[in-house]
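Dear colleague,

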Amino acid sequence: MILTVTLNAALDATWSVDSLRPRTSHRVDDAQERAGGKGINVARVLGVLGHDPVATGLAGGATGRRILDELHSARIRSEFVAVAGESRRTLAVVSRDDGDATVFNGRGPSVTAAEWQLFHRRYAALAAAARVVVLSGSAPPGLPADAYAQLLRTAAAADALTVLDTSGPDLLRALEARPDVVKPNAEEIAAATGQTDPLRAAAALCSLGARTVVASAGADGLHAVTPEGTWRAVPPERLTGNPTGAGDACVAAIAAGLDAGSAWPDILRRAVALSAAAVPCPVAGEVDTAVFRRLLPRVVVETLPPGPGR
Ligand SMILES: Nc1ncnc2c1ncn2[C@@H]1O[C@H](COP(=O)(O)OP(=O)(O)OP(=O)(O)O)[C@@H](O)[C@H]1O
Ligand SMILES: [Mg+2]
C-alpha cells in the first residue's frame, strides 16, 4: 500500500472569469471546489494508475469536513486526523482571455502539540502497513521544526520507503532523517542549495542526507541522482496547459515505481510521461491517460556519468 501524507490539506477552489482585472468586479461563471494539497493530488493520480492509496494528514473545522466529504466522493481512502483549527482554502482565479491563473493560498490551522502527537501515533500505525510513504507539501503553523524528519524516521523504522516533496526549511531540516527520494523542482533545489546546476545541487542534497534526488525542471524533464546511477529523462514534447500538479504526478509515478520494485530508468520514463500528461489537465491531481500512453515510448532516458560526490 502507498500512504500519502498531507499535513496542510486544503479546499481548493477554481473560479473562471472572462478577463481578470485588478480593482474591478467580475462575474464568476464557473466555480469548482475540491480537496487539495500535494499529498491528496498524489493519491488522486495513484488512483488513476489503479492503486488504492491511503491519504492521511491533518484536517479541521467545516472546511476539513468538506475536504473529507470530497475525498469520499472521489473514492480515496482517507485516514485524516481532526484538528481544532480550520483547514485552509486556496483560490485560483483563471482568466479565460489569456489562460493565466492568479492563486491565493491560505496559511492553514495552527496545530497543537497534543494534535501532533495524536497524528504521529495514527501515522505510525498506517506507515507500518505501507510499502511506500509519500510526504508532500508545506507544514501548517505550530508543528515542530523537525516534523518531517520525525515522520521519515517512523516510516524507515517500519521498513517503508519514503518520497519527500517539500521545500525551503522543511526540506533542509528533513534531510537529516535520510529520505529515500526527494523531488524538488528547479526553483526549490536552487533555493535550498544555492546551486542552479541540477547535478551539483542534487549532490549537495545527497551530502546532506538524501539517498536519491529527482530534480524536476518543467518541460526540460528531470535529472535523477541515485545510488544505482545518474540519469536525465526528457519529455518528447513540450505540452501546453496548467503545469501545476505536474510535480505531484511525477511523485505519484516514483511512488508507484518504488512500490513495484522497478529499476530507476523505468521509473523515470514513467515519471516523465505521467507528469507531462498532467499538463493538459486543468486541475492538479488529474492526468490524461491517452497522453501518458502516447508519450511513454518516446521519453528519452540518458545515462550520465556519476555526478560530483558519487
Ligand atoms: N510543459 C511541459 N511539457 C512537458 N512536460 C512537462 C511540462 N511541465 C512539466 N513537465 C513534466 O513534469 C515534471 C514536473 O514538472 P515541474 O518541475 O514543473 O514540477 P513542480 O514545479 O514540482 O510541479 P508542482 O506544481 O506539481 O509542484 C517535469 O519533470 C516534466 O517531466
Ligand atoms: Mg512541486
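Which helix gives the most to the shell around ligand 1? In this predicted model, that helix is H8, with four residues. H8 spans residues 246-260, and both H8 and helix H9 (264-276) supply at least two residues of the shell. Of the 21 residues around ligand 1, those that come nearest are Asn185, Ser216, Ala246, Gly247 and Ser275.

Gly64, Ile67 and Leu71 of H2 are buried. They lie on the same side of H2, because the arc they cover around the axis is only 55 degrees. An α-helix has 3.6 residues a turn, so residues three or four places apart point the same way. Ala62, Asp69, His72 and Ser73 are exposed on the other side of H2. The cover over the buried residues of H2 includes helix H1 (38-48) and the strands E2 (10-17), E3 (30-36), E4 (54-60) and E5 (77-83). After H2 comes Arg75, which has a positive phi, near 60 degrees.

Finally, there is a hairpin to note. Strands E6 (residues 88-95) and E7 (residues 101-105) run antiparallel and are joined by five bridges. Leu91 stands opposite Phe104 in E7. Five residues lie between the two strands of this hairpin, and Gly99 in the turn has a positive phi of about 75 degrees.

Yours sincerely

Notes
Residues are numbered from 1 along each chain as its sequence is written. Chains are lettered from A and ligands numbered from 1 in the order in which they are written. This is a predicted model: local features need pLDDT of at least 70, side-chain atom pairs count only at pLDDT 80 or more; totals for chains, interfaces and linings use all residues. A residue is near a molecule or strand if its C-beta atom, placed from the backbone, lies within 6 Å of it. Two strands pair if DSSP finds at least two bridges between them. A residue is buried if 20 or more other C-beta atoms lie within 10 Å of its own, exposed if 12 or fewer, and partly exposed in between; C-beta atoms are placed from the backbone. The arc is that of the directions from the helix axis to the C-beta atoms. Two residues are in contact if their C-beta atoms, placed from the backbone, lie within 7 Å.
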